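Reader: I am new to this structure and would like to know what lies behind the terms used for it. Please show it to me first.

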Amino acid sequence: MLEAPNQEIALLVNAVTSLVVTSTEGGGFTGPSINEFFPPVIFFAGTLFEMNRIVLIRFLLAAVIIVLFWLGTRNLRLIPTKAQSLVEMSLDVVRVNIAEDLLGKKDGKRFLPLLTAIFFTVLAFNLPGIIPGLNIAASSTFGFPLVLAVIAYVAFIYAGLKKHPGTFLRSSLFPPGVPWPIYFIVTPIEFLSIFILRPITLALRLLMNMVAGHLLLVLCFSATDFFFFSASLEGSEWARFFGIGTFAFGFVFTAFEIVVSVLQAYIFTLLTTVYIQLALAEEH
Amino acid sequence: MLHAIFAASTAAESVNPLVPAPYDMIWSTVVFAIILVFFWKKILPNVSALLEARSAAIEGNIEKADVAQREAEAALAQYTAQLAEARAEAGKIREVARVDGQKIVTDAKDVATTEALRITQTAHAQIEAERQSALVSLRGEVGSLALDLATGVIGQALTDDAKSKALVDRFLADLESSEKAAK
């Protein structure tokens with residue numbers, strides 16, 4: 001379901017790129033590069049604790065989350081105010097629609113802090129991609145998706161080991177009820193899919209969505225800027241009309257990025273929950 | 001997908017976005033840990049306490065409503081019972097009154113009948129007495145009248161009381177017998 005839009009994005013990128021390249025033979029236009037995601041270091045250069053723009057954005061977002069939720073739950077009432085309803089509603093997305101739906105009341109409550117933190121962190125980290133001034137998703141460098149994927153990985157393995165001590169690994173790798181020769185095929189597949197692909201796909205799905213989204217937006221808006229204002233288009237002023245098109249694309253993809261941000265946060269949380277649920281389930 | 005996007009980047013850089021930088025992971029972990037602890041220790045316990053208090057309040061209200069409902073039902077039942085009781089009592093009183101009334105009427109009738117009887121008897125007795133006295137006085141008067149008449153007719157004084165008396169009696173007896181014969 002997510003692959004399709006991504007492919008569309010890729011196709012669009014190709015289309016836009018070729019357009020840009022053909023129309024900029026005079027030189028002067030530089031599209032976005034992967035260096036977008038490695039901005040210059042600001043603090044602690046040379047140490048393990050280097051801080052660049054993206055890291056600072058993460059701290060800002062953490063502060064925003066904390067302030068918003070602190071203000072929203074500071075004065076909880078039995079009969080909620082409008083602001084409190086909004087906060088409760090957003091927390092209920094994770095509590096009711098994800099945790100309790102998939103894990104049930106008891107286990108849902110156990111894993112709720114983790115799932116809530118994952119959901120709101122991913123959501124908050126995705127959104128700055130379209131916030132003017134920040135202009136880059138804080139989840140678009142590999143560190144963050146990877147850390148979250150590792151946490152999800154640890155969480156579902158912990159859940160499985162705690163619930164079925166001793167039998168979790170065996171029943172995961174050797175699903176019961178399968179004739180033994182099949183294990184030669186099933187066991188490597190299961191190992192690969194459960195213990196290797198799950199965290200990798202979790203991390204890559206989020207990273208690639210955010211990277212692609214950011215590159216698209218940069219491409220659209222830098223092309224718009226180029227078409228409207230570049231001096232190298234002297235003599236072929238008609239090309240400036242392309243700027244309207246690239247701006248429209250940029251507008252559409254900005255809206256699209258909002259959807260992607262929410263969707264990716266939801267999917268990341270949902271998949272983490274599903275993995276925990278599968279680990280908790282009696283039969284594997 | 002990735003290729004397409006990376007191909008889009010004109011600057012051919014050797015940075016691999018799939019190799020996480022240590023600082024990236026460290027700060028991600030730190031930030032996430034802060035947010036996790038914040039939700040875990042602060043927000044979710046508060047919200048959870050609120051939800052419990054809310055469901056307790058709702059249950060309490062439902063309980064209160066139940067109690068009120070039960071009270072209302074009990075009051076209604078009591079009222080209905082009282083009403084039925086009052087009706088029964090009214091019926092009983094009416095019945096007693098009817099019986100009493102009947103008895104009074106019967107008694108009155110009896111008394112009236114007795115009284116009427118008594119009056120009738122008295123009247124009869126009086127009539128009889130008056131008749132007797134009338135008879136006696138009539139007899140006396142008729143006797144003397146007859147004697148006077150007879151004295152006039154025969155020209156002889158019928159003064160002898162014994163004789164005259166016998167005569168009158170005979171005459172009267174004859175009269176009575178002739179009267180009887182005429183009947």
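**Terms and values for two chains**

Author: UniProt, in an unreviewed entry, places the feature "transmembrane region" at residues 54-72, 111-131, 143-161, 182-200, 206-229 and 241-259 of chain A. UniProt positions follow the numbering used here, feature names are shortened, and annotations may be inferred rather than shown by experiment. This is a predicted model, in which local features need pLDDT of at least 70 and side-chain atom pairs count only at pLDDT 80 or more, while totals for chains, interfaces and linings use all residues. Residues are numbered from 1 along each chain as its sequence is written, and chains are lettered from A and ligands numbered from 1 in the order in which they are written.

Reader: What is the chain made of over residues 54-72 of chain A?

Author: Helices (H or I, at least four residues) and strands (E, at least two) are DSSP runs, numbered from the N terminus. Over residues 54-72 of chain A the share of helix is 100% and that of strand 0%, with 26 Å between the end C-alpha atoms. Residues 182-200 of chain A are 95% helix and 0% strand, and their end C-alpha atoms also lie 26 Å apart.

Reader: Which elements does chain A have in total?

Author: Chain A has seven helices and two strands, in the order α-β-β-α-α-α-α-α-α along the sequence. Chain B has three helices and zero strands, so its pattern from the N terminus is α-α-α.

Reader: Why is A:Leu270 called partly exposed?

Author: A residue is buried if 20 or more other C-beta atoms lie within 10 Å of its own, exposed if 12 or fewer, and partly exposed in between; C-beta atoms are placed from the backbone. A:Leu270 has 17 other C-beta atoms within 10 Å, so it is partly exposed. A:Leu270 sits in helix α7 of chain A. In sequence A:Leu270 and A:Ala99 are 171 residues apart, yet their C-alpha atoms are 8.3 Å apart in space.

Reader: What makes A:Ile157 partly exposed?

Author: A:Ile157 has 19 other C-beta atoms within 10 Å, and therefore counts as partly exposed. A:Ile157 belongs to helix α4 of chain A. Its C-alpha atom is separated by 8.9 Å from that of A:Leu169, 12 residues away along the chain.

Reader: What makes a set of residues a nonpolar core?

Author: The set must consist of buried Ala, Val, Leu, Ile, Met, Phe, Trp, Tyr and Cys residues joined through C-beta atoms within 7 Å. The largest such core here has 77 residues, of which A:Leu115, A:Val122 and A:Leu148 touch the most other members. Two or more residues come from each of α2 (53-72), α3 (82-126), α4 (143-163), α6 (183-229) and α7 (242-280) of chain A, and from α2 (22-154) of chain B. The most, 18 residues, come from α3(A).

Reader: Which residues does A:Leu148 touch?

Author: Two residues are in contact if their C-beta atoms, placed from the backbone, lie within 7 Å. Leaving out residues up to four places away in sequence, A:Leu148 touches A:Ile118, A:Val122, A:Phe268 and B:Phe32.

Reader: How many residues of each chain take part in the contact between them?

Author: The contact takes 39 residues from chain B and 48 residues from chain A. On the side of chain B, α1 (2-8) and α2 are the elements that give two or more residues. The largest share, 24 residues, comes from α2(B).

Reader: How do you know that α3(B) lies largely in the open?

Author: Of its 22 residues, the number buried is one, so α3(B) lies largely in the open.
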